[in-house]
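These are my notebook entries on one structure. The sequence and the structure come before the entries.

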Number of protein chains: 2
Amino acid sequence: MKRVKLIVAYDGTNYCGWQVQPNGVSVSSMLNQHLSELLGEKIYVLGASRTDAGVHARGNVAVFDTSARMPAERISYALNTRLPADIRIQDSCEVAPDFHPRFRKTRKTYEYKICYRRFPDPINRLYSLFYHWDLDVEKMRQAASYLVGTHDFTSFCTNKPEIKNRVRTIYSLDVLFEPDPTAFPVETPRDCCAVKTGGMITVRICGNGFLYNMVRIIVGTLLEVGGGRLAPDEIPKILEAKDRSLAGDTAQAHGLTLMNIEYEEEN
Amino acid sequence: MKRVKLIVAYDGTNYCGWQVQPNGVSVSSMLNQHLSELLGEKIYVLGASRTDAGVHARGNVAVFDTSARMPAERISYALNTRLPADIRIQDSCEVAPDFHPRFRKTRKTYEYKICYRRFPDPINRLYSLFYHWDLDVEKMRQAASYLVGTHDFTSFCTNKPEIKNRVRTIYSLDVLFEPDPTAFPVETPRDCCAVKTGGMITVRICGNGFLYNMVRIIVGTLLEVGGGRLAPDEIPKILEAKDRSLAGDTAQAHGLTLMNIEYEEEN
């Protein structure tokens, strides 16, 4: 018997999320099905991050136990020939039998993409939030800086009463901006759109763990700030109030991608 | 009666290309249908670039004539509310009645994306060619430099006997590389893959016009060079020979995106 760790990438568009659900196909159920067929025994994977419906991943982590003789390093190759094209294993290796993907010290990195233009870009529509109202990226950066560090993020999560400890540490929260001069063309009249340069905004957040919907609520709040409806220096007060209703909306799932999970002690 | 120019972006995945075909749905047939419904008269668009099945666009150009009173600038907004999510008009404006999108001096820019990694990235799978064999980007750049300028590109196109003049000018041909350290992880054994850093390779080509399949054949040839099966200094001989069989394969359609078309005289 050995424990195998998988790095799992997926396009979440057509899945009801990571977790097995009564309705809809989940990423973990696809892994269970194809691993069981490949290895000839019933396999159940345990995921590090139970991403929501529509959320994507480039590096989620799953582990499972198997008595099959196939070397752990070969499983990525063999499994990828069976999985649908929207799920691809990036790596597989053996880990210690007590390695648990969730109860370990980790650094998780997420990216949320905001496609900031006059009209949607069809090529990015499934992997970014389309946004055409005015945005001030500099103010979003100011607001982001208040969230870095160790805080009680009760105001920035969807309530799950069983989670008592809502203190988390954000190591970094960057608002990156790649301008695209075609996003808001200057040669045509505009009536309801930003006059500034558009482009792709990437909110990259790295922390030791995230509460339910926390990244999406942080992004929704940064959009409030970017649009001028909330001042950057309101963020410390919202943190302190521990009141979800003071933060912004939960930004839509499809803009979010789990980039990677690093473990402090790997084995 | 006025002539209206549209800038058209689309995800080509689900279309049989730009041109109306007996089988499958084309981008131009979607535009014809929804423009006709919007403007209350039969509309036929004329496209600048008749992209193949699976090819994407961020800035194809189409024109049509209409007697409808809707201002040209409003058509983009109104049409986007009717089109499917994988087609979006980026701009609409009135042009001179004799403006023809094809018989004009233009600069067209295409990008071809090569996702160079050990395993496919599901999020990019529809918009880039997955490639995991060894590639030498520097050699690809050397080969590309021989193609810049005015040449007879007979060796780099799929034969269409009705096209007699196969001289075209390539203004620039850049091989861009954005490394990604996770593309070929170093901590696991590799047997058939490149040992170098992987990442996203973008072949960006700008010219005054392109023959049938020309960009895809240039990319297929650059991949031959990158893989060491063809020396960069063979390119001038291949150009001179005017023999399609000496160049590389036609790279798959889904990696290709028509970025934009600039007209020397706009009206």
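**Entry 1: charges in chain A.** For the count of charges, I took Lys and Arg as positive and Asp and Glu as negative, leaving out His and the chain ends. I placed each charge at NZ of Lys, CZ of Arg, CG of Asp or CD of Glu. Chain A then has 33 positive and 32 negative side chains, and the centres of these two sets lie 3 Å apart.

**Entry 2: the model and its conventions.** I note that the model is predicted, so local features need pLDDT of at least 70 and side-chain atom pairs count only at pLDDT 80 or more, while totals for chains, interfaces and linings use all residues. Residues are numbered from 1 along each chain as its sequence is written, chains are lettered from A and ligands numbered from 1 in the order in which they are written, and side-chain values use heavy atoms, without hydrogens and water.

**Entry 3: chain A as a whole.** I looked up the secondary structure, where helices (H or I, at least four residues) and strands (E, at least two) are DSSP runs numbered from the N terminus. Chain A has 5 helices and 10 strands. Its radius of gyration, taken over C-alpha atoms, is to be set against the globule rule, 2.2 Å times the number of residues to the power 0.38. The value for chain A is 20 Å, close to the 18 Å given by the rule for 267 residues, so the chain is as compact as a globular protein of that length. The C-alpha trace of chain A spans about 65 × 45 × 30 Å along its principal axes.

Entry 4: I call a residue buried under 20% relative accessible area, exposed over 50%, and partly exposed in between (1.4 Å probe, protein chains only). A contact means heavy atoms within 4.5 Å. Of the contacts in chain A with a separation of 6 or more, 74% join residues 24 or more positions apart.

**Entry 5: Thr109(A).** I found Thr109(A) in strand β5 (residues 106-116) of chain A. Thr109(A) counts as buried because its relative accessibility is 10%. Beyond its neighbours within four places in sequence, its contacts include Arg204(A), Cys206(A), Thr257(A) and Asn260(A).

**Entry 6: salt bridges.** A salt bridge is a side-chain nitrogen of Lys or Arg within 4 Å of a carboxyl oxygen of Asp or Glu. How many did the search of the whole structure find over all chains? It found 28 salt bridges.

- Arg118(B) and Asp91(A) are joined by a salt bridge at 2.8 Å, N to O. This pair crosses between chains, from the loop between β5 (106-116) and β6 (129-131) of chain B to strand β4 (residues 87-95) of chain A. Both Arg118(B) and Asp91(A) are buried.
- Arg3(B) meets Asp65(B), with the closest N and O atoms 2.9 Å apart. The pair links strand β1 (residues 2-10) and strand β3 (residues 56-66) of chain B, 62 residues apart. Arg3(B) is buried at 17% relative accessibility, whereas Asp65(B) is partly exposed at 34%.
- Glu224(B) and Arg229(B) form a salt bridge at 3.3 Å, N to O. Shared partners join Arg58(A), Arg117(B), Asp121(B) and Asp180(B) into one network of salt bridges.

**Entry 7: Tyr116(B).** I located Tyr116(B) in strand β5 of chain B. Is Tyr116(B) buried or exposed? Tyr116(B) is buried, with a relative accessible area of 1%. The C-alpha atoms of Tyr116(B) and Met200(B) are separated by 5.9 Å, although the two residues are 84 residues apart along the chain.
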